[in-house]
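Please have the sequence and the structure open while reading.

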Amino acid sequence: MNPEARVAQQTLAPTAPRAHGMSDLAIRNLFIIPTIVFLIVFNIFPLIYSLGYSFTDFRASSNDPAHFVGLDNYRTLLSDPNIWSNFTITAKYVIISVTGQVIVGFGVAMLLNRNIPFKGLLTTLLLLPMMLSAAVVGLFWKLLYDPSFGIINYAFGLGTFEWLADPKMALYAIAIADIWMWSPFVMLLSLAGLSAVPKHLYEAAAIDRASGLYVFFRITLPLVAPILMIAVIFRTMEAFKTFDLAYILASQPTTEVISIRLYKMAFQEWQTGLSCAFAYIVLVMVLAITNIYVKYLNKVKER
Amino acid sequence: MAAVRTKGEMLRHRLSIISLLVILALFLAPIFWITATAFKPRNLATTVPPTVFFQPEFSPFVKLMTKRSQLRSAPTAEVYNAAPWWEQTVFDGGEKVVRSGKGEVQLSGFPSRFLNSLIIAITSTVLAVGMGTITAYGFSRFKVAGEDDWLFFILSTRMLPPVVVAIPMFLMYRVVGLNDTHLGLIILYTAFNLSFSVWLMKGFIDEIPKEYEDAALVDGYTRMQAFFRIVLPEAATGIAATAVFCFITAWNEYAFALIMTNKRAQTAPPFIPSQVGSGLPDWTVIAAGTFLFLVPVAIFTFLLRNHLLRGMSFGAIRK
């Protein structure tokens with residue numbers, strides 16, 4: 001909005017309380033405060049509560065009271081090689097699945113970005129996987145991956161290839177299911193970016209007889225990049241937090257991503273204090289990515 | 001189609017349509033396969049090579065809904081013919097439906113889980129969209145000190161990993177007795193969807209010209225009346241789209257439900273995988289449960305198709 005319009009609107013907006021009804025200030029507070037309070041009570045307060053527990057040796061499964069242990073939990077976690085391996089596995093998973101999603105999603109978007117019959121229907125059908133429940137998706141990929149009767153091995157002639165029982169392969173198998181599920185998301189955002197590229201740039205390039213590669217790297221990619229970046233950051237964040245798909249598909253040590261380790265620590269080993277500390281380490285990382293994400297969202301919004 | 005000119009371009013155009021169709025087939029194959037499995041008799045679900053053509057039957061759905069036991073001997077023709085068609089399909093599979101002393105059919109755990117999913121998803125959606133809409137209006141129309149920081153705070157609650165939030169919530173719920181209750185999950189899902197709903201609704205309300213309300217205010221409406229009679233009807237499409245998104249998110253949610261519920265308030269997502277269990281799972285029954293669970297989402301995706309982009313980018317990207 002330009003500055004003149006903003007000034008005009010401010011002068012138009014009634015500032016004094018009207019003769020009847022609630023004042024604008026009262027309505028604003030009535031409309032906003034409940035949401036803020038709700039989020040503080042059910043999101044921030046629990047986090048403060050768990051921050052407290054992160055300095056104790058509390059176990060939710062026993063009746064022993066919590067003892068203050070200072071920074072011991074954090075020290076234990078950061079010096080535990082197993083935790084570092086959970087982070088490495090997660091990083092590997094994030095890189096494989098996000099890269100796959102960008103390649104497939106952007107590729108399909110490039111194919112779709114032309115005049116084709118039934119484009120709307122085709123796009124909607126392609127978007128279906130990302131709307132489904134990850135837990136249920138994990139379940140039916142388990143059926144597809146089955147070494148003896150799964151259709152994947154049959155369709156690609158892989159015999160009795162072990163997708164999920166093989167420690168090396170399992171992480172890739174999970175990433176493939178994730179790529180299937182979330183490439184549509186990258187495709188959706190890429191399509192928006194591609195359709196916003198001005199046509200006259202392509203026409204000018206055609207007149208100059210620019211090569212296909214030149215057009216792609218000098219026109220298409222730079223103009224789509226901001227939106228593609230949103231997709232990449234968002235998927236990175238979600239893949240970093242991944243739980244459902246990996247938890248349902250495989251239970252290998254090689255597929256134990258951070259969320260699964262955290263879940264086991266908290267709800268199977270009942271190391272409540274330790275898991276609260278772990279949760280905090282994860283939380284700080286997620287908030288850092290969120291911050292970058294929101295900056296990009298606002299950047300694209302202003303265009 | 002002025003773009004297609006030379007022979008080479010024509011060929012490229014055709015090739016890309018063909019590759020799109022191949023990709024579409026690959027993308028839909030898993031969904032097709034789970035749907036097909038949901039209508040198979042058990043002995044055809046795990047054949048090698050896979051069975052693609054078969055006589056569809058409803059026995060997986062009957063088995064999904066009822067408690068069954070193995071048949072020791074085949075039912076007599078009299079019993080078989082007296083049974084309703086759906087019970088016959090179970091007889092055909094070598095099992096029988098368990099009935100109580102009064103002859104009432106005993107239900108399996110699935111119907112109540114499905115109902116729980118509906119109750120929890122609908123209630124939390126209504127709450128999240130209701131609160132989200134008024135909060136979005138507040139941020140859209142009034143000056144709020146530190147507006148961007150508040151909006152960031154609201155969005156950041158949506159980004160928290162479920163397991164991180166679940167640990168303290170589990171402990172707190174244990175104190176107040178909200179573990180394994182509908183209310184407990186409704187609160188969690190409302191909180192989770194609220195931030196999304198604020199962001200999305202703010203985008204929709206920002207698009208409604210302020211002049212509409214200003215005119216109404218001049219005509220003697222109070223701000224409240226202007227909100228309810230002018231802004232809400234204008235925002236109806238946005239509210240509907242936001243509601244569908246919130247519903248799908250709550251409907252699909254797994255981690256909170258796994259941790260916070262185990263029986264009474266358990267929803268379908270943690271229940272369906274728990275049926276795989278040990279031994280030889282009956283994939284037709286699991287597929288039937290999955291199919292029933294996916295149908296509402298597929299329908300909603302079609303209804304939402306023009307708003308998907310907006311919803312997925314928290315309202316940042318519009319068409």
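## Cavities

The count comes to four cavities of 30 Å³ or more. A cavity is a set of points, on a 1 Å grid over the protein atoms alone, where a 1.4 Å probe fits but cannot get out; lining residues have an atom within 4 Å of a point. Grid points are joined across faces, edges and corners, and a volume is the space filled by probe spheres set on the points.

This is a predicted model: local features need pLDDT of at least 70, side-chain atom pairs count only at pLDDT 80 or more, and totals for chains, interfaces and linings use all residues. Residues are numbered from 1 along each chain as its sequence is written, chains are lettered from A and ligands numbered from 1 in the order in which they are written, and side-chain values use heavy atoms, with hydrogens and water left out.

The largest cavity holds about 760 Å³ of space. Its lining has 35 residues; nearest the centre are Trp182(A), Glu238(A), Arg158(B), Phe192(B) and Thr249(B). Elements of both chains give two or more residues to this lining, including helix 8 (167-195) and helix 10 (212-240) of chain A and helix 9 (182-206) and helix 12 (236-252) of chain B. Helices here are DSSP runs (H or I, at least four residues), numbered from the N terminus.

The second largest cavity is lined by Asn43(A) and by residues of chain B, among them Thr157(B), Leu188(B), Phe192(B) and Phe256(B). Helix 9 of chain B gives the largest share of that lining, three residues. Helix 8 of chain B also supplies at least two.

Ala, Val, Leu, Ile, Met, Phe, Trp, Tyr, Cys and Pro count as nonpolar, Asp, Glu, Lys and Arg as charged, and the others, Gly among them, as polar.

| Cavity | Volume | Lining by class |
|---|---|---|
| Largest cavity | about 760 Å³ | 22 nonpolar, six polar, seven charged residues |
| Second largest cavity | about 60 Å³ | seven nonpolar, two polar, no charged residues |

## The interface of chain B and chain A

How much area do chain B and chain A bury between them? The value is about 9100 Å², 83% of it on carbon and sulfur atoms. Buried area is the accessible area (1.4 Å probe) that two parts lose on being put together, summed over both. In contact (heavy atoms within 4.5 Å) are 100 residues of chain B and 100 residues of chain A.

The rule finds one salt bridge across this interface. A salt bridge is a side-chain nitrogen of Lys or Arg within 4 Å of a carboxyl oxygen of Asp or Glu. Arg223(B) pairs with Asp24(A), and their closest N and O atoms are 3.2 Å apart. Helix 1 (residues 7-38) of chain B gives the most to the side of chain B that touches chain A, with 16 residues. That side divides into 73 nonpolar, 18 polar and nine charged residues.

Over all chains, the count comes to 16 salt bridges. Asp24(A) lies in helix 2 (residues 24-53) of chain A and Arg223(B) in helix 11 (residues 223-234) of chain B, so this pair joins two chains.

## Backbone details

Most residues other than glycine have a negative phi, and most peptide bonds are trans. Val48(B) and Pro49(B) are joined by a cis peptide bond, with omega about -5°. Pro49(B) sits in the loop between helix 2 (42-45) and helix 3 (59-65) of chain B. Arg209(A) is not a glycine, yet has a positive phi of about 55°. Arg209(A) is placed in the loop between helix 9 (199-207) and helix 10 of chain A.

Notes
On a 1 Å grid over the protein atoms alone, a cavity is a set of points where a 1.4 Å probe fits but cannot get out, and a pocket is an open set with protein on both sides within 12 Å along at least five of seven lines; lining residues have an atom within 4 Å of a point.
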